[in-house]
Amino acid sequence: MHEYHKAVDIIEDAVAEAKKKGYSKVTKINLVIGEDSGYSGDSIRMHFEDVAAGTICEGAEIAVTPVKTMLRCPKCHELFPRKPFHYECPHCGTEGEPTEVGHEMAMDGIEGV
Ligand SMILES: [Zn+2]
């Protein structure tokens, strides 16, 4: 169900952005979705079609930029991608700490006419 509400949020953001830019129709919405965000592009798209019907976002393409989950080494402060079952820093072998990278779910700009 949270995908439905997220789709509503995205459309509200896109409509506000379109007004700012003077678009009368949104043709494309760019999303950034982290692999640990709990959202998937497919489920957002599914709800998006329902929610967008009758709005200026109807028929807009949803472009998703996936973001890999990153860990930060507490020793050398390097950001590195988390691999399944491997949490060690590739430089010094220290176990990495979780970061916000990979948990994002945000609109990253729109295109329109
Ligand atoms: Zn390190």
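Predicted model: local features only at pLDDT ≥ 70, side-chain atom pairs only at ≥ 80, totals over all residues.
## The overall layout

Along the principal axes, the C-alpha atoms take up a box of roughly 55 × 30 × 15 Å. Buried residues account for 20% of the 113 residues. As for contacts between residues at least 6 apart in sequence, 69% of them link residues at least 24 apart.

## Helix 1

Helix 1 covers residues 2-21, which is 20 residues. From first C-alpha to last it reaches 28 Å, close to the 28 Å expected at 1.5 Å a residue. Its buried residues are K6, A7, I10, I11, A14 and A18. Look down the axis of helix 1 and these buried residues fall within an arc of 140 degrees, so they line one face of the helix.

What do the buried residues of helix 1 pack against? Their partners are strand 1 (26-34), helix 2 (41-52) and strand 6 (105-112). The face turned away from the buried side carries H2, H5, A16, K19 and K20, which are exposed. Just after helix 1 comes G22, with a positive phi of about 80 degrees.

## Helix 2

Helix 2 has 12 residues and reaches 15 Å between its first and last C-alpha, close to the 16 Å expected at 1.5 Å a residue. Buried here are I44, F48, V51 and A52. Seen down the axis of helix 2, they fall within an arc of 80 degrees, so this set also lines one face of its helix.

The buried residues of helix 2 pack against helix 1, strand 1 and strand 2 (61-67). On the other side of helix 2, D42 and D50 are exposed. Just after helix 2 sits G54, with a positive phi of about 85 degrees.

## The nonpolar core

The largest nonpolar core has 17 residues. Those touching the most other members are A7, I11, A14, V26, I29, A52 and C57. Which elements give two or more residues to this core? They are helix 1, strand 1 and helix 2, and helix 1 gives the most, with five residues.

Leaving aside neighbours within four places in sequence, I29 is in contact with I10, A14, C57, A60, I62, M107 and I110. Two of the names in that list, I10 and A14, are buried residues of helix 1.

Three strands make an open sheet in the order 4-3-5, with antiparallel pairing. Strand 4 (79-81) and strand 5 (97-98) are the edge strands, each with a single partner strand, so one side of each has no neighbour in the sheet.

Strand 3 (residues 70-72) pairs with strand 5 in the antiparallel sense over two bridges. Which residue of strand 5 is the bridge partner of R72? That residue is E97.

## Two loop residues with positive phi

Here is the general rule: most residues other than glycine have a negative phi. H77 is not a glycine, yet has a positive phi of about 60 degrees. H77 is found in the loop between strand 3 and strand 4.

F85 is not a glycine either, and has a positive phi of about 65 degrees. F85 lies in the loop between strand 4 and strand 5.

Methods: Residues numbered from 1 in each chain as written. Pairing = 2+ DSSP bridges. Helix = DSSP H or I, 4+ residues; strand = E, 2+ residues; numbered from the N terminus. Expected span 1.5 Å × (residues − 1). Buried ≥ 20, exposed ≤ 12 C-beta atoms within 10 Å, placed from the backbone. Arc of directions from axis to C-beta. Contact = placed C-beta atoms within 7 Å. Core = buried A, V, L, I, M, F, W, Y, C linked by C-beta atoms within 7 Å.
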